[in-house]
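The sequence and structure come first, and the notes follow.

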Amino acid sequence: MQRRALLRTVAGASSVGIGLNLGPGVSSRSAVASAAQESYEPLGSVPVDGACEVVVGDDRETAYLATVDGFATVDVSDPTDPQVLADRRGLLEDVQNEDRSFTEILDVEVSGDRLIVPGPANPGGPNVFHGFFQYDVSDPANPTLIGEPVETGYHLHNCFLDGDRLYLPRNEVGQNRRPNAVEIYDLSGDDPQRLGEWSLLDHEPRWDDVVEPFLWYLHDVTVHDEIAVLPFWNAGTYLVDVSDPSDPTYVSHVSETSLEEQLEISDAEMMDYYTGLPGNDHYGALDDTGSILAVGREAWVTDAPEADRHGGIDLYDVIDLENPVHATTIDAPETPNGAYEAGQWTTSHNFELRDGLLYSSWYRGGVKLHDLSTLEEPQEIAAWRDPSVAAFWTARVLEPSATFVASSTPILPNAGTEGTLYVFASEAGEQVDPPSFDAADGSGSGTGDGGNETEPGESGNETDAENETGDDDGNQSEDGPEDDDSDPTPGFTAAGAAGVVGGTLALEAWRRRR
């Protein structure tokens, strides 16, 4: 119980239930967050075109955002006035590879002075670069490319950087590698060196024999104290010891489903079970004490028996890492229409746990702040939403116990939300008269494609699994449009935008294989 006791001590010291007590020695910019607000509102914001994932640098003064066709750096030293420092697009032009495309960049990771930019989130054709770029961001206003881009040969929806060690979720079908694994690289030398990998098949080989790979897709990876958290969608979330990267070892896992249950899913039911509860382990992370595991389930309302709501966040007591204990579930905000194509998304997305607080994003359901002092009864102490303009991709701690950042994305289908980076106070508060979802009825001004409103499955917004996708060579099927690698998806249309959200990319890979 030592770690849990420490957690409660920290949380109590923060006085999160009645507002933060910043105390002496806190920086002047932190004090901005302590000023009482009549209504809980953002402290500041700045537009960032195509914003997706955001991470915070070690200096706690710079935020880094994936922007679909590049990345941006933002000065957040003044929470009330964030400023874009650099906005890089067309990254392959920096290395004279204009005949290829590199887009669908939904994630970035930073550690020290190194920024990783991975992509694409979807499998692409022969003229698409698959891999990652490294940048020196010692001067965030002038990121400098480190070496040559590294080709992996597979798409990258997410990654995780811890010092010189890079973790890459590898999901692929039909190549001479085990599918759905995490690969580990050492970046300390001039050329990245592959150290090892771990696949779900190392624990249960039968997943490869009988279940379609997209049902056990490795969506993301986070690492804390050499314990990797690996959400394998309907197979559950696995804790793996990566202290020896050449020989990672299974520790434990949590799951709402079983292999046997997945075997019973028919082809006609695949989409319902892939996008609806139970399962749908999308993002997982340990808190800073290593005693709490949170698993976000990105899911929508479907015809599956239990898929009657958006997915929330499950909290587990993992003081004993080998024996996780489910503590409670934080449900997603309610919305009039929870179907994928309706655009009223309030499912759980990315989050962070720090100092006894859970910072979470819920797309158009907004951002939330929970006090986890009593894990079995988390208390929502602050929330903000504006579903007509904001769909939050993630929430990340800026200055611990003082401020956090959250990125709103424009790439949701049928939403018309905007790419923006927001800064909030890490304190208790209540938004006065939060906007209802009545205005967010799926009839937004567009899908992030410059305001062109389309319906799912129509040209320009192809999100439905029933739409044809490419064959094994990356070319479109004979019933669909031809692949156009010259289009870097600047308007976030087709699979380059809505199709990548929610893991639809895995469905595309599955259809290619079939």
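## Cysteines

Cys 52 has 0% relative accessibility and so counts as buried, the term for under 20% relative accessible area, with exposed meaning over 50% and partly exposed in between (1.4 Å probe, protein chains only). Cys 159 is buried too, at a relative accessible area of 1%. The number of disulfides in the structure is 0, where a disulfide is a pair of cysteine sulfur atoms within 2.5 Å.

## Basis of the values

The model is predicted, so local features need pLDDT of at least 70 and side-chain atom pairs count only at pLDDT 80 or more, while totals for chains, interfaces and linings use all residues. Residues are numbered from 1 along each chain as its sequence is written, and side-chain values use heavy atoms, with hydrogens and water left out.

Strands here are DSSP runs of E with at least two residues, numbered from the N terminus. Two strands pair if DSSP finds at least two bridges between them. Strand S24 covers residues 357-361, and because 5 of its 5 residues are buried, the strand is largely enclosed by the rest of the structure. Leu 357, Tyr 359 and Ser 361 point one way from S24, Leu 358 and Ser 360 point the other way, and all are buried.

On one side, strand S23 (residues 351-354) pairs with S24 in the antiparallel sense over 4 bridges. Within this pairing, Leu 353 stands opposite Leu 358 and Arg 354 stands opposite Leu 357. S23 and S24 make a hairpin with 2 residues between them, and Asp 355 in the turn has a positive phi of about 55 degrees. S24 is also joined to strand S25 (residues 367-371) by 5 bridges, again antiparallel. Leu 357 has Asp 371 as its bridge partner in S25. The hairpin of S24 and S25 has 5 residues between the strands, and Tyr 363 there takes a positive phi near 50 degrees.

## The sheet containing S24

These strands belong to an open sheet of 4 strands with antiparallel pairing, in the order S23-S24-S25-S26. S23 and strand S26 (379-384) each have a single partner strand, so one side of each is left without a neighbour in the sheet. The twist averages 15 degrees from one strand to the next, based on axes that are lines fitted to C-alpha atoms, with angles running from 0 to 180 degrees between N-to-C directions.

## The sheet from S11 to S14

An open sheet of 4 strands also runs in the order S11-S12-S13-S14, with antiparallel pairing. Its edge strands are S11 (160-162) and S14 (193-199), each pairing on one side only. Neighbouring strands of this sheet are turned by 20 degrees against each other on average, direction ignored. Strand S13 (residues 181-186) is joined to S14 by 6 bridges in antiparallel fashion, and Ile 184 has Gly 196 as its bridge partner in S14.

## Cavities

A cavity is a set of points on a 1 Å grid over the protein atoms alone where a 1.4 Å probe fits but cannot get out; lining residues have an atom within 4 Å of a point. Points are joined across faces, edges and corners, and a volume is the space filled by probe spheres set on them. By this rule there are 2 cavities of 30 Å³ or more.

The second largest cavity holds about 40 Å³ of space. Leu 106, His 157, Asn 158, His 219, His 282, His 349, Asn 350 and Trp 393 line the second largest cavity. This lining divides into 2 nonpolar, 6 polar and no charged residues, with Ala, Val, Leu, Ile, Met, Phe, Trp, Tyr, Cys and Pro counted as nonpolar, Asp, Glu, Lys and Arg as charged, and the others, Gly among them, as polar.

Terms used
1 Å grid on protein atoms, 1.4 Å probe; cavity = no way out; pocket = protein on both sides within 12 Å on 5 of 7 lines; lining within 4 Å.
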